[in-house]
Amino acid sequence: MKAVVFHSIGDIRLDEVPDPQIEQPTDAIVRLTASAICGTDLHIVRGTMRGMKPGTVLGHEGVGIVQEVGRDVRNLNRGDRVVIPSTIACGYCSYCRDGYYSQCDNSNPNGPESGTAFFGGPESSGPFRGLQAEWARVPFAAAGLVKLPEEVSDDQAILLSDIFPTAYFGATLAEIAAGDTVAIYGCGPVGQFAIASAKLLGAGRIFAVDTIESRLNMAREQGAEVIDFNAEDPTEAIKRLTGKIGVDRAIDAVGVDAVTARSGPAAKIDRNQKKHFAEEVKKVAPTTNPEGNNWIPGDAPSQALAWAVDSLAKAGTLSIIGVYSEDLESFPVGKAMNKNLTVNMGNCNHRTYIPKLVDMVRSGIIDPTEILTQKEPLTSAIDAYKAFDERQPGWIKVELKPPASSVGFV
Ligand SMILES: NC(=O)c1ccc[n+]([C@@H]2O[C@H](COP(=O)([O-])OP(=O)(O)OC[C@H]3O[C@@H](n4cnc5c(N)ncnc54)[C@H](O)[C@@H]3O)[C@@H](O)[C@H]2O)c1
Ligand SMILES: [Zn+2]
Ligand SMILES: [Zn+2]
């Protein structure tokens, strides 16, 4: 089958790889009908999420049709349409039973202390072969796969595999209640869904911070009050627009590839700050392999976190869903502590939220395809990665369509 394969930092290719097989009785084989590219995949190719094993199939967002199930998968039939949660979880350990699927004790072959198990990630996450492919092996399929009703299309469902649940999880971690003012850092796909989720939870006002025009426009269309950090100092603007109070809740939907301002008042940082960011970059991305405008890591890994802490009101809540590697150790703990902030964070427990979001989409409460801007064939995946990585105008969320030639059970 065809799949997007990680070769080395800055080198991904569309390769021919062997079809997956059932390996465990709890596995299912799914023929993918949709996949997508996530900001996390960009961290991987830029070198800010390290430890990838060359040869790993990338991708952790998928929708498809069950082709085959192992003998311990009792709730699915061949031919069922399903959405695949990005994270892999057993469904029976104490963490899974409590809803903390991303902290499952059993799904990561490296052991219970090794971190979240997910498709297409670094060696420490499994590694499991990813979903930017024609076929996938889904471990613990009975506990993971969520059946899709006919009314929910593939284009809608692909957004329920990772980014909508992540953003909804982020809004929940932010403890958003009716009337709250909320700041969302990052208007990529996750940030866009964080805006939508904050609305669903009844936020009073939503500020959205980024610098990419098409992304700020989409945020504004959703009703957010937008702030371009290359034109204004985001914390100063938020303070001014909230009567000097700051926001009740903030969500970091940026992660380790954060950049700092290049122009405007926020660009005036002192030499110490510049040095500090440069040291962080060296730590989180010791090896990089840029190619023209592609695969360039962010220049200020802790910038979004710092702005978020500064823009929060006293006793506010910070939710961190942007991904950081263990190499990033700086966080303004003193400022956060002295403002009595609550900080919640983590990898999404996808399976906890997906069934509820499927219902919301089916009932028409929300149409996630408003955030889907690109549909590309899997065969053009490398060009699509490059356009998304460069943040070309309008390239906000990219769905990948596997070739129709991968015929299986339909
Ligand atoms: N926690 C989870 O389980 C989970 C799941 C999925 C994705 N993620 C993470 O969410 C983050 C966002 O994903 P995405 O797909 O939207 O990525 P993306 O790269 O498309 O979007 C990031 C956005 O942040 C903006 N940005 C950069 N620096 C900024 C700053 N200092 N302040 C404000 N905005 C800034 C960029 O311009 C970009 O629009 C990534 O870190 C991704 O790894 C986490
Ligand atoms: Zn993701
Ligand atoms: Zn478990």
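This is a predicted model: local features need pLDDT of at least 70, side-chain atom pairs count only at pLDDT 80 or more; totals for chains, interfaces and linings use all residues.
On its own, ligand 1 has 870 Å² of accessible area, and the protein covers 97% of that. Which elements give two or more residues to the shell around ligand 1? I noted α1 (39-46), α6 (189-200), β9 (205-210) and α10 (303-311).

Then I went back for backbone contacts. A backbone N or O atom of Gly-39 sits 2.9 Å from an oxygen atom of ligand 1. Over at Gly-346, a polar backbone atom is 3.0 Å from a nitrogen atom of the ligand.

I also checked who comes nearest. Out of 31 residues around ligand 1, I wrote down Thr-40, His-43, Asp-210, Val-259 and Cys-348. Sorted by class, the shell holds 16 nonpolar, 11 polar and four charged residues.

New page: strand β11. Is β11 (residues 247-252) mostly covered or mostly uncovered? I found it mostly covered, with five of its six residues buried.

Who are its partners? Strand β8 (residues 181-185) pairs with β11 in the parallel sense, over four bridges. There I spotted Tyr-185 standing opposite Asp-252 of β11. Strand β12 (residues 312-320) also runs parallel to β11, and five bridges join the two. For that pairing I noted Ala-250 opposite Leu-318 in β12.

Terms used
Residues are numbered from 1 along each chain as its sequence is written. Chains are lettered from A and ligands numbered from 1 in the order in which they are written. Side-chain values use heavy atoms; hydrogens and water are left out. A residue is near a molecule or strand if one of its heavy atoms lies within 4 Å of it. A polar contact is a pair of N or O atoms within 3.5 Å; within protein, one must be able to donate a hydrogen and the other to accept it, and residues adjacent in sequence count only if both atoms are side-chain atoms. Accessible areas come from the Shrake-Rupley method with a 1.4 Å probe; for residues, only the protein chains shown count as cover. Ala, Val, Leu, Ile, Met, Phe, Trp, Tyr, Cys and Pro count as nonpolar, Asp, Glu, Lys and Arg as charged, and the others, Gly among them, as polar. Buried means under 20% relative accessible area, exposed over 50%, partly exposed in between (1.4 Å probe, protein chains only). Two strands pair if DSSP finds at least two bridges between them.
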